[in-house]
Amino acid sequence: MSAAENKNKAFDFSILKRVIKYVRPYSKLFYMAALLTLVLGALSIVRPWLISFMIDNYIIADKAAEMLLKFTVIIIALIIIEGILQYYQTFISNKVAQSVTIDLRKDTFKKISHFKLSYFDKTPIGQLVTRVISDIETIADIFSEGIITISGDILKLIAVIIMMFYINYDLALFTLIPIPLLIIATRIFQKSVNKSFRQVRNQVAKLNSFVQEHVTGMSIVQVFNREEIEMQKFKEINREHSKAHIASVMAYSIFFPVVEILSALSIAFLVWRGVHLSLTATISFGELVSYILLVNMLYRPIRMLADRFNTLQMGMVGAERVFKILDTHEEIKDTGTINAQTIKGDIEFRNVSFAYQNENYVIKNISFHVKQGEKIAFVGATGSGKTSIINLLARFYEYGHGDIFIDGRKIEDYTLESIRKNIGVVTQDVFLFSDTILNNITLNNPDITYEQVVDAAKLVGAHDFIMQMPGNYHYQVRERGNTLSVGQRQLISFIRAYVYNPKILVLDEATSSVDTESEYLIQHAIEKLTENRTSIIIAHRLSTIQKADKIIVIDKGNIKESGSHEELLKINGSYKKLFELQFS
C-alpha cells in the first residue's frame, strides 16, 4: 500500500497490530483491564432493568415499602461496585499505557543514539524531540483511552440494544431510526478529524524545531538584531499550528450537536410510539422508564466512542511517526567481531574517498600511514577535509572508496563500540551536558574514580579554576556548559579525553578557542597526553604542531605536502607560506 493510500485510511490496523506487540510483557494487566471492561459493560444494563422491575412490581402495584427500600439499597450498592471496578479498570489501563510508553521511548531513543551523523545533518533536532516525547505520549492514549475503553463502549452499546429489543421489539425499531444517520455522521467526523490530527502533528514538529533551533542560537539572533524578523517567522508557524487545531475543533463543534439532535429525535420517536403502546397495554410504565434510560445510555457511548476513536487515531498518527524512526536504517554497519581493546595504534588510509552528498567528494583518494606512537598533524584551509578524516577514523561516517586499517586489519573488522572506546576525540566545539563538572568528565562511568579526575585536572592545569567554582568538581555547568568560558570548557574536554585513556588521541582544533595562557597549559598537557600514544592533531596554529613526527598539508580533499616541520620549511610550498604568514 502506498503512503498516500495509507494516509487516506481512516484507521490502519497494521500499525495497531504493531503497537499491540509492546503489550506482550504486560499481557496479564492488559487482560485484567479487558475483563473489568466486560464486567462493566454487562453491569451497565442491570440498573435500568432493576428500576423497571421496581416501578412495575412495587411502586405502581403499591406493594410493601420494605421491598422498595431493598431495591434502592441494591441499586446504590450496584453503583458503588461499578465505581470501584471503573477505578481499577482506569488504573490498570493507564499502567499498561505508561509501561508501553516507557518501552517505546527507550527503543526510539536507543535507535536515534545509534544513527550515523549524516542522519542528524539532514534531520531537524526539534522533529526528533517531538517523536521521542509528544508523539509517544499520544501512543499512551491508545491504551488509557483507546482500545480497552472503546471495546467497553462497544460492548455497552450491544448490551443496550439487545435489552431494548428484549423489552419491546416494536419500540426498539422506532427508537433506532436515527442510528443510520448517526453512523454516517460519525464516519465523516472520523475522516475529518484524522486529517486534521495529521496536520496538528506536522505543525507541532515544525514548532518544536523552530523553537529549539532559535533558543539554542539566541545569541546570533540578538547579535544581528533579528528578533523582529524571527518573531514574524514564529508568528506564521504558530498561526499554522493554530489553524490545524481549529480544524479539529470545528469537526467536534459540528459532530456533537448532530449527536444531540439525533438523540432528541430518538427520544421523540420513543415518546410518540411509547405512548401509543402504553395505551394499548403493550408496554408497562416501568419498561417505558427503563427505555428512556437505555436511550440515554445508547447515545452517550456513541458520542464518547467517536471522541475516543479520534484519540485512538491521534495515537495511531503518533505511532506511525515513531515507527518510521524505528524503521529507519541509518546506522553504521557493525559487522566487526574483533575487540579493539588490544590495538596498538598503527593507522593506514589507503586510497580513501568520501562524500557527504552524492559524488561531491570532500576527501579524494588519500593515502597516509601513522605508525604506533607517532604524532601526526593535519593542516589546511577550512573545508579542506581535515575533520572528515577524523570522522571516518572514528566511524561517524562511512567512506565511499578505499580502505582504512588499524594494526593491519580493516577498521570494519573491529566492533564499533570498541573502536570508539579506544579513540579519544577533543574538538573545538566542546559540548557539556547540564550536569556537574565531575559527571561531564567521567560521563557517569563508574570505573573512573574521583581521584583519577583530580589527577588529570592537575596535569592539564584545570584543577585551580575548578576549585574556585562553588562546589568545586560538583559545580553544575548548566546547559551546554554556558556558565564556563570557552577555554574552561576546552580544558574540561582535555581531562575527559585523558581519564578515558584512549589508544588513539585526536585533537581537532583543540587549542583554537583558548587564550594564550590556557594554550600554554594545554601544550604541556598535550605532551603528556600524546606520550606513547598514536596522536592526530588538526590545527590552524602551527605553533602547536611543530614537534609532530609528520605534518600533512590537505587542500580540497587532496594531500599536497607531507613531512616534518623542518622538511616542509625547506620546500617552497603551502606549509612554508602558511608558516611565514603566521610568524611574520
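Strands β9 and β10 pair in the antiparallel sense over 5 bridges, where two strands count as paired if DSSP finds at least two bridges between them, and where helices (H or I, at least four residues) and strands (E, at least two) are DSSP runs numbered from the N terminus. Within this pairing, I552 stands opposite S562 in β10. The two strands form a hairpin with 2 residues between them, and K556 in the turn has a positive phi of about 55°.

## Basis and confidence

This is a predicted model, in which local features need pLDDT of at least 70 and side-chain atom pairs count only at pLDDT 80 or more, whereas totals for chains, interfaces and linings use all residues. Residues are numbered from 1 along each chain as its sequence is written, and side-chain values use heavy atoms, with hydrogens and water left out.

The mean pLDDT of the protein chain (pLDDT being the predictor's confidence in each residue, from 0 to 100) is 80, and 92% of the residues reach 70 or more. Over residues 1–8 pLDDT stays under 50, and for this stretch the model has 7 contacts beyond four places in sequence, a contact meaning heavy atoms within 4.5 Å. Where pLDDT is low, the predicted coordinates should not be read in detail.

## The six-stranded mixed sheet

The β9–β10 pair belongs to an open sheet of 6 strands in the order β6-β7-β8-β3-β9-β10, with mixed pairing. At its edges are β6 (423–426) and β10 (558–563), each of which pairs on one side only. From one strand to the next the twist averages 15°, with axes taken as lines fitted to C-alpha atoms, for helices over the stretch in contact, and angles running from 0 to 180 degrees between N-to-C directions.

Helix α13 packs on this sheet, touching β3 (375–379), β6, β7, β8 (534–538) and β9 (550–555), and its direction makes about 145° with that of β8. Helix α18 (residues 486–499) lies across β6 and β7, running at about 175° to β6. Strand β6 is joined to β7 (residues 504–508) in the parallel sense over 4 bridges, and the bridge partner of V426 in β7 is L507. The pairing of β3 with β9 is likewise described as parallel, over 4 bridges, and here I376 has K550 in β9 as its bridge partner.

## The four-stranded antiparallel sheet

A further open sheet is formed by 4 strands in the order β2-β1-β4-β5, with antiparallel pairing. Strands β2 (361–370) and β5 (409–410) stand at the edges, each with a single partner strand, so one side of each is left without a neighbour in the sheet. Helix α13 (residues 386–393) packs on this sheet too, touching β1, β2 and β4, and its direction makes about 110° with that of β1.

Strand β1 (residues 347–355) is joined by 5 bridges to β4 (residues 401–406), the two running antiparallel, and E348 stands opposite F405 in β4. Between β1 and β2, which also run antiparallel, there are 6 bridges, and A355 has Y361 in β2 as its bridge partner. These two strands form a hairpin with 5 residues between them, in whose turn N358 has a positive phi of about 50°.

Helix α7 (residues 125–167) has 43 residues and reaches 60 Å from its first C-alpha to its last, close to the 63 Å expected at 1.5 Å a residue, the expected span being 1.5 Å times one less than the number of residues. The helix bends by about 40° at I142, the bend being the angle between axes fitted to the seven residues ending there and the seven starting there.

Helix α2 (residues 13–20) packs with α7 at an angle of about 95°, with their axes 11 Å apart. The helices α2 and α7 are therefore roughly perpendicular to each other, a description that covers angles of 65 to 115 degrees, while those under 35 count as roughly parallel, those over 145 as roughly antiparallel and the rest as oblique. In this packing, L16, V19 and I20 in α2 meet I139, I142, F143 and I147 in α7.
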